[in-house]
Amino acid sequence: MLKMEVCKPLTSEISSKHRPLTPLRILRGVLCLVVLILTALMFLAFFVPPIAVLLRLFSIRYSRKAASPLFGLWLALWPFLFEKINKTNVIFSGEQVPAGERVLLIANHRTEVDWMYLWNLALRKGSLGHIKYVLKNSLMKLPIFGWAFHIFEFIPVERNWESDEPIMQQMLLTYTDRQDPLWLALFPEGTDFTEQKCKRSQKFAAENGFPVLNHVLLPKTKGFFACLNTLRSSLDAVYDVTIAYKHNCPTLLDNVFGVDPSEVHIHIQRMPIKTMPVSEEETAAWLVDAFERKDRLITDFNNRGCFPNQGTEPPMSTVKCLINCSLVMALTAVFTYLTFVSMWVRFYVAISCVYLPLATYFNFRPTPLFGLVDSLLCRDKSKKCR
């Protein structure tokens with residue numbers, strides 16, 4: 001039986017941090033950040049060549065299958081940081097969604113770290129290693145993390161549909177195999193929420209006959225339709241996720257140092273894929289309606305202090321979190337030791353660290369040899385037929 005939380009209304013906007021930024025929190029946060037960066041670097045350096053390069057030459061599916069558990073193993077460090085170390089209360093509401101589904105997930109974009117809290121849901125559903133994002137291209141330029149976004153096939157966009165459409169279509173077509181588990185997350189607003197952006201969105205909505213929204217921005221519909229239309233036959237559902245915070249919207253450093261938020265509220269509505277509209281016009285109207293519902297949900301949240309039907313997911317297991325963290329730390333320690341004691345391992349790591357930024361910069365992923373051979377044979381046959 002899941003524990004139901006008691007709602008506490010938000011009576012006013014709170015500007016001070018939920019917890020003070022003490023020297024101990026700074027030290028702990030810096031240590032956690034160093035651990036996250038070092039473990040990410042070692043996992044990428046050691047696992048990318050055999051899994052994302054060599055194995056991918058033979059099978060994209062098996063390359064993804066091998067990479068996903070490792071990706072999930074490392075990603076699970078973040079929910080551990082949020083919920084167990086920082087003591088942030090993550091509260092789920094709405095529908096309790098089943099595990100093992102292939103889904104397209106849409107969410108409001110209240111702050112720069114909304115996407116991280118989707119990991120807390122994916123972890124509980126056993127899909128953490130299968131999550132992918134449509135994200136702005138500038139994030140691909142980040143060292144280490146940007147390399148990981150490329151290796152795990154996130155979709156980079158410039159927020160210009162003319163340039164984004166061919167890239168999205170190319171990437172989406174690689175996601176259509178139902179045997180590849182997938183959680184594809186999209187933020188249709190296209191940017192995080194600010195008061196200035198909200199005023200511009202409201203002005204546009206009023207001038208063009210759209211609903212005027214107060215807590216979310218008017219969504220961009222083309223990217224959502226492209227995802228839904230391309231993946232429809234391979235999806236089980238669309239998850240409509242609404243995120244709200246008590247009492248302040250956190251920044252990345254707030255998360256790292258554990259000063260905010262005190263609570264993260266995540267409301268989920270599951271839409272079976274067969275209920276989703278088919279035409280582009282109907283899909284666009286559905287998405288605008290969905291964000292109008294989000295706006296009402298957040299208004300209600302600000303009045304009541306919670307979303308309806310909360311308590312749909314249990315808390316994370318501390319024991320499992322500790323085991324996962326210990327395993328990641330142990331592997332990183334072994335990799336670090338081998339790097340220091342063996343010249344050959346140092347050479348291997350050096351090659352990996354050269355390959356990763358170059359592959360990300362040039363958007364390179366190995367093509368399976370059998371598929372390449374087949375395409376060359378087909379090309380030769382077509383030439384002979386002319």
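What share of the 386 residues of the chain count as buried? The figure is 50%, where buried means under 20% relative accessible area with a 1.4 Å probe, protein chains only.

Before you click around, note that this is a predicted model, in which local features need pLDDT of at least 70, side-chain atom pairs count only at pLDDT 80 or more, and totals for chains, interfaces and linings use all residues. Residues are numbered from 1 along each chain as its sequence is written, and side-chain values use heavy atoms, leaving out hydrogens and water.

**Stop one: the whole chain.** Show it as a cartoon and you will find 13 helices and 7 strands (DSSP runs: H or I of at least four residues for helices, E of at least two for strands, numbered from the N terminus). Along its principal axes, the C-alpha trace spans about 70 × 60 × 40 Å.

**Stop two: helices H11 and H12.** Select residues 318-341 for H11 and residues 343-361 for H12. Their axes come within 5 Å and cross at roughly 115°; axes are lines fitted to C-alpha atoms, for helices over the stretch in contact, with angles from 0 to 180 degrees between N-to-C directions. H11 and H12 are therefore roughly perpendicular to each other, a label for angles of 65 to 115 degrees.

**Stop three: where they meet.** Now show side chains for Leu 338, Thr 339, Phe 340 and Val 341 in H11, which meet Met 343, Val 345, Arg 346 and Val 349 in H12 (contact means heavy atoms within 4.5 Å).

Key:
Parallel < 35°, antiparallel > 145°, perpendicular 65-115°, else oblique.
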